[in-house]
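Here are a few exercises to work through with the model open beside you. Try each task before reading its solution.

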Amino acid sequence: MSSIPVKQKAFVVPKTGGREVLQFEDAPIPEVSATKILVKNEYAGLNFIDSYFRSGLYPASTPYIAGGEAAGTVVAIGSSVTKFKVGDRVAWLGSGAFAEYSAVDESGSVSVIPEDIDFKTAAASLLQGLTALSLVKDAYEVKPGDWILVQAAAGGMGLLLCQLINNIGAHAIGTVSTPEKAALAKNAGAEYVINYTEDDYVKKVLELTDGLGVHAVFDGVGKATFEGSFSLVRRKGSMITFGNASGAVPPFNVARLSQKNIKLLRPMRGNYMATPEEWEFYTSELWKAIADGSLKITVYKVYPLEDYRSAAEALETRLSTGKVVLKC
């Protein structure tokens, strides 16, 4: 423990609010209790859920260290830890990621990174990769020939979903806001890409599907796109709303589902991998897909830890394409 400092740099959320409340300050190194490991973080990934907690959309007790996803090296272990050892390269999900060091429970969401995957890729892929896999395997099991609408197809999640849908042999329709984003979505496997700033995406999707609509919608945008997405679900199809990038979806009258016998789901990734066996299955699938090249991780930009506010702005204003990452 002699090489581990007493203090570290971290981004603290002292109260709910916008990006202006974020404080970059000295914080104590987390204590390593019996079941925890101490990770020296190398890279951390940004996600929209970070802003949900900061804004108060999701409840969180303040103050807290921001961030929920990182990758690094185990530098200390608790007395009861059996799954990990000092020197292990790990990626993890939890809390307190936007810091130089984090304490993670060994029974939580933490996985050893295969040797052929680097820290940056691991930090950029874990949360979104696991979420995307659970969406196409569990939320709606995508089948060859299905028509699937992906909202915000050039974002980090969108690019992963387009690849997975294409790999399965289904038809991915992606929505984007610029020609540059359209090219990224197309390259990721979207068979059809619609620039919603130029075309009516509802009309275009109906044209592509002969008026039937899609078998499923994967919508991480939320409030701004929910009604359009819902209108495009075909009879007996599925509406999967998994994010609130534009705000939370307003209260919904479930009687509307009966119009076409639509299934509506608001999934949480953790409920698809709540057991050790489920976690192992999904992380193994993710690492294998990255290693064999069937799932490519696109990093928009790497920001230094102290520049987290700028990184958050790029993500939250939807300037970024692919994943935004911090170097810890």
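**Exercise 1.** Which residues have the most contacts inside the largest nonpolar core?

*Solution.* In this predicted model, the largest nonpolar core has 52 residues. Inside this core, I148, L161, I165 and F218 have the most contacts. Next, look at the elements: two or more residues each come from β6 (89-93), α2 (119-139), β9, α3, β10, α4 (179-187), β12 and α7 (276-291). Of these, α2 gives the largest share, twelve residues.

**Exercise 2.** Leaving out residues up to four places away in sequence, find what L161 touches.

*Solution.* Select L161 and list its partners: A132, L135 and V136, then V150, F218 and F242. F218 is also one of the residues with the most contacts in the largest core.

**Exercise 3.** What is the strand order of the open six-stranded sheet?

*Solution.* The order is β11-β10-β9-β12-β13-β14, and the pairing is parallel. On average, neighbouring strands are turned by 15° against each other, direction ignored. Now zoom in on β9 (residues 147-150) and β10 (residues 171-176), which are joined by four bridges. Here L149 stands opposite I173 in β10.

**Exercise 4.** Which strands does helix α3 touch as it packs on the sheet?

*Solution.* Helix α3 (residues 156-168) touches β9, β10 and β12 (214-219). Compare directions next: that of α3 makes about 170° with that of β9. Then turn to helix α5 (residues 201-208), which lies across β9, β10, β11 and β12 and runs at about 160° to β11.

Definitions and conventions
Residues numbered from 1 in each chain as written. Predicted model: local features only at pLDDT ≥ 70, side-chain atom pairs only at ≥ 80, totals over all residues. Heavy atoms only, no water. Pairing = 2+ DSSP bridges. Axes fitted to C-alpha atoms, helices over the stretch in contact; angles between N-to-C directions. Contact = heavy atoms within 4.5 Å. Core = buried A, V, L, I, M, F, W, Y, C linked by side-chain atoms within 4.5 Å. Buried < 20%, exposed > 50% of the residue type's maximum accessible area, 1.4 Å probe, protein only.
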